[in-house]
Amino acid sequence: MAFPAGAPVIDTMIGFPHEGFAQYDFIRKQTKDADSKERMEFPAEYMFKNVPKDLPTSDPVAVTLHEMDRFNIEKGLVGVGDDTSRLALKKHPDRFVPSGSIDDPNDVVGSVRAIKREYEEFGIRATSVFPSGTFPQVPIDDPKMYPIYATCVELGIPIFVCAGVPGPRLKFAPQEVSRIDTVMFDFPELVFVTRHGCEPWEQLAVKLMLKWPNLYYSTSAFAPKYYPKAVVDFANTRGADKVLYAGYFPMGLSLERIFRDMPLVPFKDEVWPKFLYGNAARLLGL
């Protein structure tokens, strides 16, 4: 059950340092409390200690690559929506894997066109959505999401979806884990990967993963010491092929913090290579 030091890793949620915190404006425009709007630079800052804020931004790609190399992260899943990410994908196609992002599923046709455009232009291997962060909010099982899910099935790419109570002070109803059941019933071919914990419904998430062959769980935004016990137990029993590693650098956690805690996770020996690399490689077609 020892952590395999030096084993290769695929990080299914990683990014690059940014100047300032304007990237969170889409969250601030719908929060109402003063902390979120005025005091917290990172809208979920109250949940995280030592958010890596002061990283150099003159060469953000080099910063992320340096951190990846320190912790044997061979590949990272990154967006295609900004200049830094596109530069990283162009210069280091062996290290970064392109992913799309559904920013406004209220624009149904625009979202479908964007997925297809990103697939053709960048070869995205996945896309993603933050239901509570959309404005107006669009729940996981909302009809507006159905053409998006159908497009993912058509292109053969997974969708990473935030599920559970969000960190930012937004309404959680769009991310109730029970909503996933309806989506998987209607789209049994859809590869659906949860992000951000599924709490407080992590046991329901495990039940749904047992039920639906194409439902998976990624560990984004959680330091390893806080991985839900139900998910760790599931990986050690029937779910070794269903749980995959995701970090949260540089948004909320440093890789140093994550990999300092990682050896404390009681995964069985045979689970580690699947969790760290194999499951993501299979889902992303690497």
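How closely do the axes of helix α8 and helix α9 come, and at roughly what angle do they cross?

## What you're looking at

This is a predicted model, in which local features need pLDDT of at least 70, side-chain atom pairs count only at pLDDT 80 or more, and totals for chains, interfaces and linings use all residues. Residues are numbered from 1 along each chain as its sequence is written, and side-chain values use heavy atoms, with hydrogens and water left out.

An unreviewed UniProt entry puts the feature "domain: Amidohydrolase-related" at residues 51–286. UniProt positions follow the numbering used here, feature names are shortened, and annotations may be inferred rather than shown by experiment. In the model, that span is 39% helix and 12% strand, and its end C-alpha atoms sit 31 Å apart. Helices (H or I, at least four residues) and strands (E, at least two) are DSSP runs, numbered from the N terminus.

## Helices α8 and α9

Back to the opening question: the axes of α8 (residues 202–211) and α9 (residues 229–236) come within 8 Å and cross at roughly 25 degrees. Axes here are lines fitted to C-alpha atoms, for helices over the stretch in contact, with angles running from 0 to 180 degrees between N-to-C directions. That makes α8 roughly parallel to α9; the label covers angles under 35 degrees, while over 145 is roughly antiparallel, 65 to 115 roughly perpendicular and the rest oblique.

On the α8 side, E202, Q203, V206, M209 and L210 make the contact, and on the α9 side A230, V231 and F234. Contact means heavy atoms within 4.5 Å. By class, the α8 and α9 contact has six nonpolar, one polar and one charged residues. Here Ala, Val, Leu, Ile, Met, Phe, Trp, Tyr, Cys and Pro count as nonpolar, Asp, Glu, Lys and Arg as charged, and the others, Gly among them, as polar.

## Helices α5 and α6

Now for another pair: α5 (residues 108–122) and α6 (residues 146–155) have axes that come within 9 Å and cross at roughly 20 degrees. So α5 is roughly parallel to α6, and their crossing is right-handed. The contact uses V108, S111, V112, I115, K116 and Y119 from α5, together with P147, I148, T151, E154 and L155 from α6. Sorted by class, the contact of α5 with α6 has seven nonpolar, two polar and two charged residues.

## Aromatic pairs

There are 19 aromatic pairs in the structure. Rings of Phe, Tyr and Trp (its six-membered ring) pair if their centres lie within 6.5 Å; planes under 30 degrees apart are stacked, over 60 edge-to-face and the rest tilted. Take Y149 and F192: their ring centres are 6.3 Å apart and their planes are at 55 degrees, so the pair is tilted. Y149 belongs to helix α6 and F192 to strand β6 (residues 192–195), so the pair ties together parts that are 43 residues apart in sequence.

## Two loop residues

V191 is in the loop between α7 (178–186) and β6. Neighbours within four places in sequence aside, V191 contacts P158, I159, N214, Y216 and L283.

H196 lies in the loop between β6 and α8. Not counting residues up to four places away in sequence, H196 touches M13, C162, A163, S218, S220, A221, F222 and Y248.

Most residues other than glycine have a negative phi, and most peptide bonds are trans. A cis peptide bond joins F135 and P136, with omega about -5 degrees; P136 is in the loop between β4 (127–129) and α6. The bond from F249 to P250 is also cis, with omega near 0 degrees, and P250 is in the loop between β8 (243–244) and α10 (255–261).

Then there's N72, which is not a glycine but has a positive phi of about 60 degrees. Look for N72 in the loop between α3 (60–70) and β2 (73–79).

Key:
A crossing is left-handed if the near helix is turned anticlockwise from the far one by less than a right angle, and right-handed if clockwise.
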